[in-house]
Amino acid sequence: MKKSQNSAGNEYRSRMLGIDALVKLKNGRRVPAINLDNAATTPAFSDVAEEVRQKLMYYGSIGRGKGQKSEISTVVYTEGRSAVKKFVGADNKKYTVLYCNNTTDGMNKLASALITSPRDLVLSTRMEHHANDLPWRERCRTVYADVDGDGRLRIADMERLLQKYDRKIKYVTVAAASNVTGYVNDVRTVAGLAHRYGAKIIVDGAQIVAHRAFSMLGEKGRDEDIDFFVFSAHKMYSPYGGGAIVGLKQELDAHLPAFYGGGMVEAVTDGDVDYADAPDLYEAGSPNYPGVVGMLKAIQLLSEAGFDYIREHEQTLLRRAIDKLRNEVPSAILYGDCDNIEDRVGILTFNLKTVENEDLADRLAAYSAIAVRHAKFCAHTYVDRLLGEVVPSEADRLDAACVSHKGMVRISFGIYNTEEDVDALIAALQGILAQPDAFAAVEVTSRVAARRNKYPGDRG
Ligand SMILES: Cc1ncc(COP(=O)(O)O)c(C=O)c1O
């Protein structure tokens with residue numbers, strides 16, 4: 001699709017790797033894809049790929065060898081921790097950075113370290129991605145704060161639970177921004193509450209790092225500091241499987257990791273082990289150097305772009321998408337508060353009354369090369385609430401009669417998306433609605449039906 005020169009986002013289009021690579025439509029035509037699925041994963045900055053290529057020329061084992069290349073890459077790797085801390089406003093001494101593969105990996109590592117008994121109590125929320133629910137749920141007792149009618153987190157419910165369990169909650173874990181509605185949570189207020197009741201706060205940063213400036217430092221004082229922050233690099237324009245846990249060093253030093261092996265010890269004898277402190281304690285085995293290099297470059301590029309610009313750009317696209325879906329796509333149902341959008345990153349979920357969500361996502365890709373996400377976005381408890389599918393008395397049941405198999409379609413913007421991308425989506429939706437028969441994709445519909453018969457839920 002041809003883009004106008006003055007459209008915001010174009011500046012960054014040319015800096016994305018593969019943005020004009022052609023994909024095949026159902027009719028065999030090859031066109032550039034339009035990616036409206038940035039909340040799942042973003043394309044890479046070309047400069048990130050180039051940085052990885054450059055750094056691989058001087059690549060050697062990390063923290064283990066004496067060769068020049070080994071020493072060069074060890075410096076890049078270890079000094080990178082300070083760059084990560086600076087990016088999220090974490091004090092260099094108080095916090096440490098554990099490199100990980102992604103947010104899921106980071107949350108599991110954190111949960112396996114911090115949870116020391118199945119009787120430990122964690123307060124989470126009903127708007128979390130499974131990555132910030134199941135790692136806790138599977139290891140200890142969990143309680144959940146609920147959302148309001150618009151899907152915003154009810155912070156008062158968090159306070160109610162903190163009061164009710166009277167200093168027994170060890171950790172409060174919450175998303176900085178939702179991957180379903182894009183709501184940005186007031187994690188500082190949550191931090192203040194958690195600390196007041198003797199808990200530590202963990203923040204899932206997967207959907208914030210590429211979209212809003214984030215600081216672990218409290219604005220009104222130390223009580224509002226964030227204790228642990230986790231994010232993925234593949235959602236911030238680096239594709240190399242990097243990620244980070246930024247956390248309180250003292251606390252991490254006092255716990256033990258999930259993985260054991262080389263690089264995490266001071267000494268091992270026949271009968272004993274002297275473990276190193278964090279971060280080495282949590283990074284057994286040879287590390288993911290390209291992942292770290294890519295993430296560090298992405299951090300630099302995002303910081304240069306500036307989060308004021310990114311925020312404003314995403315708000316423009318979000319406003320345009322909302323207005324056009326409301327006014328030009330008559331059967332669209334939008335989720336979340338679409339009037340007051342200042343506290344939303346560029347994520348929008350919707351349905352068309354007459355086209356099932358998977359079918360719609362398939363058609364957008366097959367006929368317009370528009371990539372979106374569909375179903376429940378690994379946030380089943382939240383999507384069910386937004387859809388009005390949760391019956392409180394049946395909320396715990398997993399049988400077919402109680403698991404909703406409804407879902408939604410999600411669009412999510414990146415720094416390089418343009419207003420033309422939004423307009424292309426609207427035109428594609430209008431085309432699907434105007435000529436449903438022309439798009440009847442029998443194999444898609446039957447695949448949906450077959451899966452439904454097998455498991456009337458959704459794994460996504
Ligand atoms: C809010 C949130 N948390 C966690 C994750 C998991 O991230 P990853 O798949 O990179 O582990 C995602 C992924 O979409 C997410 O949106």
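Here are some friendly notes on this predicted model, point by point.

1. Some ground rules first. Residue numbers start from 1 along each chain, following the sequence as written. Since this is a predicted model, local features need pLDDT of at least 70 and side-chain atom pairs count only at pLDDT 80 or more, while totals for chains, interfaces and linings use all residues.

2. The domains. The protein splits into domain 1 (10-32 + 306-454) and domain 2 (48-304), with bounds taken from an automatic or database domain assignment. Their C-alpha centres are 29 Å apart. The contact between them draws on 22 residues of domain 1 and 20 residues of domain 2, where contact means C-beta atoms, placed from the backbone, within 7 Å.

3. The domain 1 side of that contact. Helix H10 (307-328), strand S14 (347-352) and helix H12 (380-386) each give at least two residues to the side of domain 1 that touches domain 2. The largest share, 5 residues, is from H12. By class, this side has 12 nonpolar, 4 polar and 6 charged residues. Helices (H or I, at least four residues) and strands (E, at least two) are DSSP runs, numbered from the N terminus. Ala, Val, Leu, Ile, Met, Phe, Trp, Tyr, Cys and Pro count as nonpolar, Asp, Glu, Lys and Arg as charged, and the others, Gly among them, as polar.

4. The ligand site. You will find 15 residues around the ligand, and the closest are Asn 102, Thr 104, His 129, Asn 179 and Ser 232. The shell consists of 9 polar, 5 nonpolar and 1 charged residues.

5. H3 on H9. Helix H3 (residues 68-87) packs on helix H9 (residues 289-305) at about 40°, with 10 Å between the axes. Axes are lines fitted to C-alpha atoms, for helices over the stretch in contact, and angles run from 0 to 180 degrees between N-to-C directions. H3 and H9 are therefore oblique to each other; angles under 35 degrees count as roughly parallel, over 145 as roughly antiparallel, 65 to 115 as roughly perpendicular and the rest as oblique. The crossing is left-handed, meaning that the near helix is turned anticlockwise from the far one by less than a right angle, with clockwise giving right-handed. Among the contact residues are Tyr 77, Gly 80 and Phe 87 of H3 and Val 292, Leu 296 and Ile 299 of H9. This contact has 10 nonpolar, 3 polar and no charged residues.

6. H2 on H9. The axes of helix H2 (residues 46-56) and H9 come within 9 Å, crossing at roughly 135°, so this pair is oblique. The crossing of H2 and H9 is right-handed. Contributors include Asp 47, Glu 51 and Lys 55 from H2 and Lys 297 from H9. The classes here are 7 nonpolar, 1 polar and 4 charged.

7. H10 on H13. H10 and helix H13 (residues 419-434) cross at roughly 20°, their axes coming within 10 Å, and are therefore roughly parallel. This crossing is right-handed. Leu 317, Arg 320, Ala 321, Lys 324 and Glu 328 in H10 meet Glu 419, Val 422, Ile 426 and Gln 430 in H13.

8. Two backbone details to look at. Ala 278 and Pro 279 are joined by a cis peptide bond, with omega about 10°; Pro 279 sits in the loop between strand S12 (273-275) and H9. Arg 167, although not a glycine, has a positive phi of about 70°, and lies in the loop between helix H6 (155-164) and strand S7 (169-175).

Definitions and conventions
Near = placed C-beta within 6 Å. Contact = placed C-beta atoms within 7 Å.
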